[in-house]
Amino acid sequence: MFEATELNHRNQRTEKLWRLLFLMMTLLLILPVAVILTVLVVKGGPSLSIDFLFTEPTQGMTAGGILPALVGTVWLVVVALIASVPIGVAAALYLSEYAPDNWLTRIINLAIINLAGVPSIVHALFGVGAFVAFFRFGTSILAASLTLAVMTLPVVIVSTREALKAVPQAFREACWNMGATRWQTIRKVVLPNSVSGILTGVILEVSRTAGETAPIMFTGAAFFLPFLPQSVYDQTMALSLHLFVVSTQVPDVPEGLPFGVALVLIGLVLSMNAVSIGFRMVLRGKKKW
Amino acid sequence: MVDLETLPEEPSESAAPEVDIVHAIETRKLNLWYGTFQAIFDVDLEVKHNLITSMIGPSGCGKSTFLRCCNRINERLGYVRTTGAVEILGHDIYAPEVELIQVRKQVGMVFQRPNPLPLSIRDNILFGARLHDPEAAKASRAAQDDIVEKALTRVLLWDTVKDRLGHSARELSLEEQQKLCIARLLPVQPKVLLMDEPCSALDPKGTEAVEELIWELREAYTILIVTHNMAQARRASDECIFMLHGKVVEHTKTAEMFVTPIHKETADYIEGRYG
């Protein structure tokens, strides 16, 4: 009575086929990542060393290390964060905790989505016009970081809003009904319970910022500058631009060098992501609802 | 079942401080719209001081909406418009000079799902006190402990939780959580407690315990309780309001409503013909 019919068999065959197809697509997705990582490790690995990380480039960037670029990237990212996180978190708090649902809010939301869609080269030109020329910061870490900040703001806002949304509405209602103001609610309940999510978003953001090239090319990153920056008004080298330079602009670079730079850059990004994932796991374990 | 014969006829005489207040909540021609949808029509209600009044009626009849007018929490939604007057303890809470914080302090609310904050039991109790009284926030640990003990004792929870005040409130059972939610309102000394189906998330035993507690509190607070559970309205309230389609159909003593309802709609609802 319960034997499979011809129709059952046919459905099962189709089922297997689709399943296989989706699995293949998933594997296809992983393939480029795996290839990139393998090539980088195989070709770039040998040029990695302590000296590579902690010395300056020499002989027209065909030898030596990448210290100024590594330090420069850290500078750029940190200054960009200092600018974008307070603004982004404040804007997200306004949009998710205060703003009424009206045409102004909708326009702001639309603007944020569009800002996220602006190509990075356009941000770069905006940075040249606004920060380098208009505010007279010159080509400097400050101008480059602010350009990066403007570019990453929408993502900071969106990820912060997601984190805020994850705090149950019932907690807010409980506070409001006891006569807490919105700020008291935010400070005592919403922020303490969303800080993990906000941090995670921010760290993911950092890793993206570290890899950007276009926005910093015209605003503060230097082609070759074998000194460490002393203040935000200095220019600096950066890993991403350095990679572009040694790959395409300089003759007679040993084959392993660009791969080494790329490996350091990707290592930096991945380790930041790992920290972010670790954060999330630790803090999620602490959640109480 | 509570013996209604023994209830005080005029509670305002026995209530000490505000002798002149007969009605804790009084509304006149209250109308409310969610956008273009009208949820409440010309509601005139007088909820007596220091009694338990229950509101019954089918889903969507406007009971919860009415409740949420009494501490102006509806306004959070932004697209809500109200006309008419709501007076709490004789004062119009929709008057322009009214400070919402003061309204919320006087009028506490308990929700359908217990919603303790993700803090310790102790901090949940002290939360309101700290908000409204900066002194309480800075008070000595002993003074704060005293507030916590009083509030928890009042809701019959002290003995169960006194050894784990530092634990998260979310570890408690639903019944205990709901009691805690009532307890955390008490330190700021509200006059009116609004309860929106406070037992509907609880099991029968929890329901019984929370009902007992509500009954226990009736001497000191005016309690307006929305419920789906007619048996609950019947056994745990002094007066009963029946709402239908955003209007008040009937408002009498609970004992009378369930025995001799005046309107046909009330009788039909009570007998379970709809709802």
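Select Gly90(B) to begin. Gly90(B) sits in the loop that links E4 and E5 of chain B. The model on your screen is a predicted one. Gly90(B) counts as partly exposed, because its relative accessibility is 47%.

**Stop 1: the strands on either side of the loop**

Show strand E4 of chain B, residues 80-88. Then show E5(B), residues 91-92. How many bridges join E4(B) to E5(B)? There are 2, and the two strands run antiparallel. Pick Ile88(B) and look across to E5(B). The bridge partner there is His91(B).

**Stop 2: the whole sheet**

Colour the strands of chain B. In which order do the 4 strands of the open sheet lie? The order is E2-E1-E4-E5, and the pairing is antiparallel. Look at the edges next. Strand E2 (37-48) and strand E5 (91-92) of chain B stand there. Each has a single partner strand, so one side of each is left without a neighbour in the sheet.

**Stop 3: strand E1 and its two partners**

Select strand E1 of chain B, residues 23-34. On one side, E1(B) pairs with E2(B) in the antiparallel sense over 8 bridges. Thr27(B) shows one link: its bridge partner in E2(B) is Leu45(B). E1(B) also pairs with E4(B), again antiparallel and over 8 bridges. Here, pick Leu32(B), whose bridge partner in E4(B) is Thr82(B).

Now follow the chain from E1(B) into E2(B). The two strands form a hairpin with 2 residues between them. Stop at Gly35(B) in the turn, which has a positive phi of about 60°.

**Stop 4: a residue in helix H2**

Select Thr65(B), in helix H2 (residues 63-69) of chain B. Is Thr65(B) buried or exposed? Thr65(B) counts as buried, because its relative accessibility is 10%. Show what surrounds it, skipping neighbours within four places in sequence. Thr65(B) is in contact with Leu32(B), Tyr34(B), Ala39(B), Ile40(B) and Asn74(B).

**Stop 5: two helices from two chains**

Bring chain A into view. Select helix H8 (residues 182-211) of chain A and helix H4 (residues 121-132) of chain B. Packed helices are described by the angle and the distance between their axes. These axes come within 12 Å and cross at roughly 145°. The crossing is right-handed. Which residues make the contact? H8(A) supplies Gln184(A), Lys188(A) and Val189(A), while H4(B) supplies Phe127(B), Arg130(B) and Leu131(B). By class, that makes 3 nonpolar, 1 polar and 2 charged residues.

**Stop 6: the cysteines**

Finally, display the cysteine sulfurs. A disulfide is a covalent bond between the sulfur atoms of two cysteines. How many disulfides does the structure hold over all chains? The count is 0.

Check Cys175(A). The closest cysteine sulfur is in Cys181(B), 11 Å away, so the pair is too far apart for a bond. Cys175(A) counts as buried, at 0% relative accessibility. Next, check Cys199(B). Its closest cysteine sulfur is also in Cys181(B), at 12 Å, again too far for a bond. Cys199(B) is buried, with a relative accessible area of 7%.

Definitions and conventions
Residues numbered from 1 in each chain as written. Chains lettered and ligands numbered in written order. Predicted model: local features only at pLDDT ≥ 70, side-chain atom pairs only at ≥ 80, totals over all residues. Heavy atoms only, no water. Disulfide = S-S within 2.5 Å. Buried < 20%, exposed > 50% of the residue type's maximum accessible area, 1.4 Å probe, protein only. Pairing = 2+ DSSP bridges. Axes fitted to C-alpha atoms, helices over the stretch in contact; angles between N-to-C directions. Left-handed = near helix turned anticlockwise from the far one by under 90°. Contact = heavy atoms within 4.5 Å. Nonpolar A, V, L, I, M, F, W, Y, C, P; charged D, E, K, R; others polar.
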